[in-house]
Amino acid sequence: MAAMLEVEGLSVGYARKGLALDDVSLVVPTGGIVALLGANGAGKTTLIRTITGLLPMHNGRVAQGRVRFAGVDITGMAAHRLVRLGLAQVPEGRLIFKQLSVEENLQVGAAFLPRGKVAERLEAVFALFPRLRERRRQAAGLMSGGEQQMLALGRALIGGPRLLLVDELSLGLAPLIVEAIYQQLMSVGETLGTAMLIVEQNAHVALEYAQTAYILDRGRIAMSGDAATVGASSAIADAYLGLAGEVPADV
Ligand SMILES: Nc1ncnc2c1ncn2[C@@H]1O[C@H](COP(=O)(O)OP(=O)(O)O)[C@@H](O)[C@H]1O
Ligand SMILES: [Mg+2]
């Protein structure tokens with residue numbers, strides 16, 4: 001069986017800047033959970049944007065390489081087509097609509113579903129996150145950071161994706177909330193069999209849950225392997241330069 005996601009020799013640049021990604025290759029197996037780690041500015045979000053078709057919105061372009069999703073070449077494919085193929089993301093900064101209610105935010109994620117399916121999928125998300133059901137009529141912006149992140153997750157999952165890309169889930173959240181959300185994410189993965197690429201600056205958290213990990217350092221893959229090996233490697237400290245060998249728990 002083809003891997004769920006294959007990134008092959010990918011180089012990406014932004015207008016008037018050098019390469020943000022340089023010959024990056026990475027694989028997410030079917031149903032697998034993979035961590036992508038690296039310091040601020042390493043290129044993690046650029047890789048997510050490239051995979052999800054949002055790169056042109058940010059004036060970026062693929063200089064070289066390709067991306068395959070379940071065996072299909074999706075390099076440069078538009079974001080709305082990718083969603084229909086079963087690729088979803090929780091973007092950096094969550095990007096929920098703060099003025100809209102919880103339910104309205106979820107409906108945005110369900111916009112491409114056949115109309116008859118929406119109520120059923122909404123129920124499925126409420127079953128996964130009972131907290132969102134309790135708050136369904138509330139303005140999203142009035143919820144706590146953890147609840148907003150849960151909403152972003154629910155919105156990404158409402159279409160029943162085969163691959164979920166998660167960018168900096170832990171950012172700005174207290175450690176206990178981060179653990180709670182990751183545990184929910186993992187149980188979702190087990191229930192639905194969703195493969196995940198988890199982007200984190202917080203290496204500890206991601207390595208706790210992922211099977212394999214990649215370290216991105218200034219646009220290049222510095223190391224990859226099973227999560228325990230990567231976690232024990234000095235490459236991880238090197239990738240967070242200036243931190244005197246300490247892996248940051250909460251950058
Ligand atoms: N829209 C953009 N235009 C120009 N440069 C960008 C843009 N977005 C990101 N970059 C640059 O690309 C590099 C990688 O950024 P990014 O992918 O956001 O890293 P990370 O998510 O790992 O923090 C950085 O040097 C950043 O300044
Ligand atoms: Mg980023």
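Predicted model: local features only at pLDDT ≥ 70, side-chain atom pairs only at ≥ 80, totals over all residues.
**Exercise 1: the ligand shell**

Task: Describe the surroundings of ligand 1 by residue, class and element.

Solution: 
- Step 1. Count the shell. Ligand 1 is surrounded by 13 residues.
- Step 2. Pick out the closest. They are Y14, A20, K44, T45 and T46.
- Step 3. Sort by class. Eight residues of the shell are polar, three are nonpolar and two are charged.
- Step 4. Find the main contributor. Helix α1, residues 44-52, gives the most to this shell, with three residues.

**Exercise 2: the setting of E190**

Solution: 
- Step 1. Check one distance. Y209 is 19 residues from E190 along the chain, and their C-alpha atoms are separated by 12 Å.

**Exercise 3: the domain contact**

Task: Characterise how domain 1 and domain 2 meet.

Solution: 
- Step 1. Domain 1 covers 1-86 + 161-243, and domain 2 covers 95-160.
- Step 2. Take the separation. The C-alpha centres of the two domains are 23 Å apart.
- Step 3. Count the contacts. In domain 1, 13 residues touch 11 residues of domain 2.
- Step 4. Assign elements on the domain 1 side. Both α2 (79-85) and α7 give two or more residues. The largest share, five residues, comes from α7.
- Step 5. Classify that side. The domain 1 side has 10 nonpolar, two polar and one charged residues.

Conventions: Residues numbered from 1 in each chain as written. Chains lettered and ligands numbered in written order. Near = placed C-beta within 6 Å. Helix = DSSP H or I, 4+ residues; strand = E, 2+ residues; numbered from the N terminus. Nonpolar A, V, L, I, M, F, W, Y, C, P; charged D, E, K, R; others polar. Domains from an automatic or database assignment. Contact = placed C-beta atoms within 7 Å.
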